Every structure is written in structure tokens, then in C-alpha cells.
Amino acid sequence: MTTQDKVIDSNKKIIHRISGENTELRKRLKEIYERIRQNEQILAHFSEIENLVMECNHLDELVHRLLREMDDRFNVLTVLQISNSTSVNLDTFCPEVHHDRFAWLPDEILTRRLGGQSSPFLKNALTPEEVREFFPKDSETIRSMAVIPLYRRGKVLGCLTLGSEEPCRYQPDMSTHFLDQLGKKISLGVESIIMLEELRKSSVTDPLTGLYNRNYLTHVLDREKDRLARYTTPFSCILIDLDGFKQLNDTYGHQAGDRMLIHFAKILRHNLRKTDICVRYGGDEFVVVLPHCNMSQALATAHKLAREANEASLSLGENVTVLPRASFGVSDCWSVQEEPDTVLAAADINLYEAKRRGGNTVFPQAVPSAPAIPAADSHLHLSAAGQEKSSEP
């Protein structure tokens, strides 16, 4: 081989090597470009989800929108768990949320599940116990997961967990930068909405008993009148006044009176349906609004409350026990022409008659033709704050 042939052969090898390197470089650049495009798409999705979260006014709305968007956009199974002590002023204020992949959890359980980590972490070597903790209803299908801790002001709010059927979808060595940013935005949204929910609740709640206050009663009566117009279903009111309350205050002091009010409020909660609305009307007066109840059913409920009160003694100290005695005035509403105030006024007239007859009674005193509300439906669904919740929108 001549020197010229050697030079040509060497040049060919160099060109071939450079061509191969260029091909590899183009391949790597294409992969980088594709990765950038994917990251931009992920970032756009996260940005849109963050905006949706910030637009929500209720926690139930936030949960449904967030979980639906995460599932649809990323083809993952998403679970949200929030601490049940996130409230600023109330220790255990938990707005009602209806979603099978949402749960309120105590701080200690959340902290244990997060293992003290405040940044997102990825796992694909999962034990059945780990999967069941985060995905109790879908534990058989999850092969890898991303856990995003939610923190605000150094306090755990909860965690958002993404699960996949693909073992390689979430691997421990992958970057979690975008997940970290998403977690911070969701934490802010959750904190803001819970504060808003608490403010909304406190504006219609009696601070002593935890029942709704008089301001909320007008809204309830208007709502029931609208329902009557749409569905021709009656509603009823029970106006209740504690007997001998002034004497209790004069004898044992106002703290004893407050304890009696709280005690009686608990009796109401535990003996009414989820959809019934309890209101502290003022002083020692209470109003119960019973949707879908006629007079006969409302009288049965009033008699039941009277019986329960007569059996629920309150201890005020050593050798001092009192029974909460009360008078009940009952009315119902069948006509859309009837004003809500008229329904209350009728209950007030009947309450006056019950008091005139010596108290500790229900008026009208007609024997109910309908049975009392069944025991299975009689317990209120309580938030952790002790406030009853209506299932109506």
C-alpha cells in the first residue's frame, strides 16, 4: 500500500469516526430536545393544575378537581391525605369531602408514613404494606409511586401520592424538582382553602355549642322553602326552650349554665339525622329544622328528644346532678305561599303553650301517627369540630 493509499484510508477512518460521532451527537441532541419538550409539557400541566387549585373555594371542589386532573393528564392513580389538625383556630376542623381517594389522617400517622421527609421521594421496590398505606383500595395494581409531602410553615399538612402500574415509572434516582414545586403550590392552596372554610364556618356557628347560629337559620328556611316549591315536600320546625335555665344560672352560676347549653346541644346532635339543622336561636332557645318531615314525624322527633333529655343527666360537681328539661313547640310548612317567619312564629306559639302547661312537654301533644326517625339514621355526621353537616348542596 502506497503512502497515498494509507492517507486516503486514514482519512476514511477519520470521516467514518466523525460521522459516527455526529450521528450519536444528533441522537443525544434529539433525546435532549425530546426531554426538554416533555419537561415543558409537564411544567405546563403542573401550571394549569396549580391555577385550578387556586381557583377553588371549597375543599371538596379542590380534591375532586386535583385528583381528576392528575389522573387524566398523567395516567396515574392519585390519592390525597390531609392532616385533621390543619385548622388555625379550631383544633380539629375538617370540612366535609366526598371522594374515595381522600382521607383525613392524624399528624402522627402522616409523619410516620412520610418518614420525616419534607421533599418528594420515589419508590418502586414496594412492600404490600407500603402500598396499602397510601392506596388502600388499589393496592393490587400499584408497582411504583411518588410521594409528595405537603408542608406549610414547617408543619405537615398532608401528602399527595401518585401511583403507577409500571415498575419503572417512578425510580428513586429520578429528579423530583417538578414534583417539589407542585407540592409547594398545592400546600399553599390547601392551607388557604381550609382557612377560608373555617372563616365561612365560624361566621354561621355559635362559638359555645358548635351549632349553627341565628344568622344561618334564615338561609336554611329559605332553602327549605325553595325545595318545597320544587318537590312539594314539607318541612318542619321545632322550637325548644330549656325549662328552669334562669334558676340554674342563679343557683350554680353562669358556667353551669354554659355547661348545660353544651350538654343539650350534644343531645340534639346525637338524636337527629344528618340532614337536620340545629341552631342556637339565642340564650337557652334552640331551633331544629327537619327537611322532608310533616307534623306527625316532627312531633315524633320532638318526643324522642324530650325522652333523651330526661335520661341524660349532667353532673355539675360533687353530689350535684341536674336533668336538662325542655319545652318543645312544633310546626310544619306545606305551602309555598307561607313565609319562613310564619313557620317559626307558629312553632313559637306552640312553645308558649307548652311552657304554659308547665314545661317539659311537647305541643301539639297529638300522638304521632308516624314512627320516630329510625335509629340507623338518627346520628348526625359530625365534623371533628362537632358541627353537624347537611348533605344538601
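A residue is called buried when its relative accessible area is under 20%. By this criterion, 45% of the 393 residues of the chain count as buried. The model is predicted. Its secondary structure consists of 10 helices and 12 strands. Among contacts with a separation of 6 or more, 68% are made by residues 24 or more positions apart. The accessible surface of the chain amounts to about 20,600 Å², and carbon and sulfur atoms contribute 52% of that surface.

**Helix H7**

Helix H7 spans residues 245-252, and Phe245, Leu248 and Asn249 in this helix are buried. These residues lie on the same side of H7, because they cover an arc of only 95° around the axis. Lys246, Gln247 and Asp250, on the other side of H7, are exposed. The cover over the buried residues of H7 includes the elements tabulated below.

| Element | Residues |
|---|---|
| Strand S6 | 235-242 |
| Helix H8 | 254-270 |
| Strand S9 | 314-317 |
| Strand S10 | 320-322 |

Strand S7 (residues 277-282) is mostly covered, with five of its six residues buried. S7 pairs with strand S8 (residues 285-291) in the antiparallel sense, over five bridges.

How values were computed
Residues are numbered from 1 along each chain as its sequence is written. This is a predicted model: local features need pLDDT of at least 70, side-chain atom pairs count only at pLDDT 80 or more; totals for chains, interfaces and linings use all residues. Side-chain values use heavy atoms; hydrogens and water are left out. Buried means under 20% relative accessible area, exposed over 50%, partly exposed in between (1.4 Å probe, protein chains only). Helices (H or I, at least four residues) and strands (E, at least two) are DSSP runs, numbered from the N terminus. The arc is that of the directions from the helix axis to the C-beta atoms. Contact means heavy atoms within 4.5 Å. Accessible areas come from the Shrake-Rupley method with a 1.4 Å probe; for residues, only the protein chains shown count as cover. Two strands pair if DSSP finds at least two bridges between them.
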